[in-house]
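Colleague: I have a model to go through before I set up calculations. Can we take it in questions and answers?

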Amino acid sequence: QNEEKWDFVLVSDIHEMGSEKEIKRKKFLDELSKKGFTIKKIEDTKLFYGVRAPQHIFWKYQCLLANPDGRQQNSSAHQDVPVTTRIRVVHFILQNTVTSDLEKLHDLMKKKVFETAFPLHKKEDIREILKKKWARWRVLLKEQPIEEIRCYFGEKVALYFAWLGWYTYLLVFAALAGLATVAAGTTVFSSSQVSKEICDANNTIMCPLCDQNCSFWVLSDTCTYAKVTHMIDNEATVVFAIFMAIWATVFLELWKRERATVATNWDLYGWDEEEEELALQLINNSQHKPRLYQHSYLRSTIVLILAVLMIMVLIGIAHALVIYRAVAMALFMQSEVNLLSKHADTIAVMTGAVLHYITIVIMTKINWRVALFLCSLEKPRTFSEQENNFTMKIFIFQFFTNFSSLIYIAFFLGRINGHPGHYVRIAGHWRLEECHPSGCITDLFIQMAVIMLLKQTISNIMEYLIPWISHQLRKKKKSPKKRSVMLGEEEEAEDPCKRQWLNNYELNEVNVFSLFNEYLEIVIQYSFTTIFVAAFPLAPLLALINNVIEIHMDAIKMMRLCRRMVPRKAKDIGIWLQVLEAIGTLAVIGNGLVIAITSDFIPVQVYKYMYSPCTRENHTNMDCSTGYINNSLSVFHIQDFEPHTKVLPEFNGVQIKECRYRDYRNADDYTYTIQFWHIFAARLAFLILFEHVALCVKLIAAWYIPDVPQKVKNQILKEKHSNLLDELSMMEYSTEV
């Protein structure tokens with residue numbers, strides 16, 4: 001038997017006859033009937049209405065849009081419209097049908113007249129192909145069937161997966177480069193001169209890390225930490241940072257080429273979103289007047305002020321995390337538990353990172369609400385305009401949520417905390433944290449590692465488990481309803497549609513932001529992979545592992561756990577491309593700053609070429625960074641401590657007169673030495689040089705790789721030519737007649 005084809009299913013609770021909701025529902029369904037829709041009602045625990053659009057609607061669509069889905073123009077060859085187009089047109093009409101009370105479906109759903117509306121996953125060949133080739137774990141490393149995804153979910157979803165697949169493929173190269181950097185660091189793990197000096201400094205007495213009851217300590221205690229630092233912070237990192245800046249550009253340029261090929265194959269070059277929207281409005285209502293473009297400076301100013309306030313709040317949260325770390329550090333230091341007091345700094349950093357992750361999870365929900373509210377203030381004209389505005393706002397908010405704490409650790413930690421005898425304090429009480437004597441980069445490394453690992457493991461597990469569990473629960477809730485067969489009475493044959501509609505209803509709901517969420521997640525991950533990658537060379541590897549799993553998890557979610565998405569047309573990934581380009585520029589600036597400011601690369605180079613033993617005499621067989629650690633520590637006299645500092649002046653039975661701390665200051669009046677200013681100048685010079693070189697390389701790469709491949713350009717050229725020839729021959733034919 002031929003299965004009846006229904007475009008959409010509306011679901012509603014069973015209302016009493018004559019109630020307000022029942023009347024509103026009837027009015028809406030009557031409006032659809034007037035437009036020629038066929039409606040079928042099935043009753044179960046809920047009311048299900050299947051709707052099927054009349055054929056003339058799709059003929060209108062094909063004529064109005066010069067038939068982008070089929071090239072023949074003669075009326076006898078009205079081709080069947082693809083299912084994706086069918087669903088899209090019906091969805092638009094359902095959303096924009098107005099009842100006599102001037103209410104649309106959206107308003108009726110708010111008033112609980114209808115519960116939901118969705119297109120169906122049907123038993124089609126293409127669905128079976130996707131389930132076999134794409135939505136299962138066995139095909140983890142196979143190529144994705146992009147063409148089939150497009151035929152089932154529409155161009156927008158297919159482009160997302162094409163982009164994600166392309167990004168994942170190119171991450172392989174970045175991951176290999178990151179591994180090579182770490183491998184290079186590991187080979188010098190024990191042989192680095194700087195970490196050797198730290199490990200041998202058994203009699204370098206360091207100033208206490210807190211004010212109350214903290215003893216002095218010996219620099220060689222931090223030997224392991226120093227080795228780890230020099231595994232990340234070495235010459236290879238600089239090369240890797242430049243490589244990643246180029247990689248980000250090449251990735252985008254190659255994607256533009258890939259997209260151009262895809263758009264041509266799918267016949268999307270001439271397609272225009274605005275024209276499509278106008279056509280759908282006219283099909284729905286031939287009296288429709290277009291909404292004109294408007295711009296209000298007052299509205300823009302209000303939105304801008306509110307957005308800035310929100311960013312201030314997000315930066316405030318980063319400050320709160322800084323305060324937490326300073327206070328936690330002081331409390332852990334004074335703790336009775338030996339483990340806590342010994343590793344106070346590492347534990348403070350770790351718990352700070354976990355806390356940061358929790359704030360990310362909470363603030364994401366709040367950012368979402370705020371961005372939606374700001375969008376509604378702007379009153380966007382079309383859905384795509386609303387989506388673009390929303391994308392920009394939520395990305396900026398999410399960027400500050402994710403990165404403000406990292407920016408502090410990278411560029412401010414240990415640079416604004418004063419010096420012994422004159423510390424900067426929070427509320428006049430707690431000292432700000434200091435950097436580790438072997439550099440600040442390890443703090444950044446820990447923070448990045450904790451956040452990326454938590455984000456990728458917990459968020460992914462939740463992203464898959466929540467839909468899976470809720471799907472199982474919905475199935476459980478629906479299954480008990482089996483009508484018992486009355487004795488001697490045949491049960492009516494069950495409608496074949498009923499099972500299918502129920503199965504679709506039991507799946508998880510999807511909304512317009514379902515795909516948006518996936519994009520946002522990957523774009524934030526891309527920021528982690530590029531912006532501070534100099535401090536965490538393993539980021540691309542983590543991203544690669546995550547993406548391989550992510551692609552198949554999204555596929556399984558879309559095919560097996562969620563209702564069918566309304567297919568949407570698109571010829572590129574939209575405003576996300578601009579976001580990615582902005583991240584690419586930020587990556588150059590971010591990595592330049594990490595190497596210039598966070599890492600010890602510059603101070604070591606300045607020391608080698610200006611202050612080391614090599615400059616004074618010709619030592620060919622000597623490492624030029626010898627003596628660097630002693631040179632980078634300043635001397636502090638104990639009698640200059642602040643009055644309320646309680647320090648035990650004895651250390652291992654020796655009376656101590658002076659201690660060392662990490663800074664370039666004079667021993668008598670604690671002002672900056674000339675070397676401090678030399679290093680400062682070198683940092684600035686390196687930063688300017690690095691940014692300009694990297695940006696030039698980016699520009700050259702962008703120029704060198706054309707956005708549109710030659711083949712595509714020629715194909716479009718030939719099409720234009722043949723169309724004009726056809727027009728010409730038609731004209732000549734008509735004049736002859």
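Modeller: Start with a cysteine. This is a predicted model. Cys-624 has 24% relative accessibility, so it counts as partly exposed.

Colleague: Which cysteine is joined to Cys-624 by a disulfide?

Modeller: A disulfide is a covalent bond between the sulfur atoms of two cysteines. For Cys-624, the S to S distance to its partner is 2.1 Å. That lies within the 2.5 Å cut-off. The partner is Cys-614.

Colleague: How many residues apart in sequence are the parts that Cys-614 and Cys-624 tie together?

Modeller: The link has -110 degrees about the S-S bond and is left-handed. Cys-614 lies in helix α22 and Cys-624 in the loop between α22 and α23, so the parts tied together are ten residues apart.

Colleague: Is Cys-614 buried or exposed?

Modeller: The cut-off for buried is under 20% relative accessible area. Cys-614 has 19%, so it is buried.

Colleague: How many disulfides does the structure hold?

Modeller: Cys-614 pairs with Cys-624. Cys-199 pairs with Cys-223, sulfur atoms 2.0 Å apart. Cys-207 pairs with Cys-659, also at 2.0 Å. The structure holds three.

Colleague: How many residues apart are Cys-207 and Cys-659?

Modeller: Their link is right-handed, with 90 degrees about the S-S bond. Cys-207 sits in the loop between β5 and β6, and Cys-659 in strand β16. Both cysteines are buried. This pair links distant parts of the chain, and the separation is 452 residues.

Colleague: Which helices does the pair of Cys-199 and Cys-223 link?

Modeller: The link is right-handed, with 85 degrees about the S-S bond. Cys-199 counts as buried, because its relative accessibility is 19%. The two cysteines are 24 residues apart, in helices α8 and α9.

Colleague: On to charges. Which residue forms a salt bridge with Arg-88?

Modeller: Side chains of opposite charge can pair when their charged atoms come close. For Arg-88, the closest N and O atoms of the pair are 2.8 Å apart. Arg-88 is in helix α3, its partner in helix α11, 188 residues apart. Both are buried. The partner is Glu-276.

Colleague: How many residues apart are the parts that Glu-581 and Lys-256 tie together?

Modeller: Glu-581 forms a salt bridge with Lys-256, the closest N and O atoms being 2.8 Å apart. Glu-581 lies in helix α20 and Lys-256 in helix α10, so the parts tied together are 325 residues apart.

Colleague: Is Lys-46 buried or exposed?

Modeller: Lys-46 forms a salt bridge with Glu-115, with closest N and O atoms 3.1 Å apart. The pair ties together parts that are 69 residues apart. Glu-115 counts as partly exposed, at 32%. Lys-46 has 17%, so it is buried.

Colleague: Which side chain makes a polar contact with the side chain of Asp-600?

Modeller: Asp-600 is in the loop between α20 and α21. At 6% relative accessibility, Asp-600 counts as buried. The contact is 3.0 Å, to Arg-662.

Colleague: Now the surface. Which helix gives the largest share of the nonpolar patch?

Modeller: The patch includes Tyr-169, Leu-176 and Phe-243, and has about 540 Å² of accessible area together. Leu-176 is exposed, with a relative accessible area of 52%. Five residues of the patch come from helix α7.

Colleague: What distance separates the centres of domain 1 and domain 2?

Modeller: Domain 1 covers 8–120 and domain 2 covers 603–704. Taken over C-alpha atoms, their centres are separated by 71 Å.

Technical notes. Residues are numbered from 1 along each chain as its sequence is written. This is a predicted model: local features need pLDDT of at least 70, side-chain atom pairs count only at pLDDT 80 or more; totals for chains, interfaces and linings use all residues. Side-chain values use heavy atoms; hydrogens and water are left out. Patches are made of residues with over 30% relative accessible area and no salt bridge: like charges are joined within 9 Å, nonpolar side chains (Val, Leu, Ile, Met, Phe, Trp, Tyr) within 5 Å. Accessible areas come from the Shrake-Rupley method with a 1.4 Å probe; for residues, only the protein chains shown count as cover. A salt bridge is a side-chain nitrogen of Lys or Arg within 4 Å of a carboxyl oxygen of Asp or Glu. Helices (H or I, at least four residues) and strands (E, at least two) are DSSP runs, numbered from the N terminus. Buried means under 20% relative accessible area, exposed over 50%, partly exposed in between (1.4 Å probe, protein chains only). A polar contact is a pair of N or O atoms within 3.5 Å; within protein, one must be able to donate a hydrogen and the other to accept it, and residues adjacent in sequence count only if both atoms are side-chain atoms. Domain bounds come from an automatic or database domain assignment.
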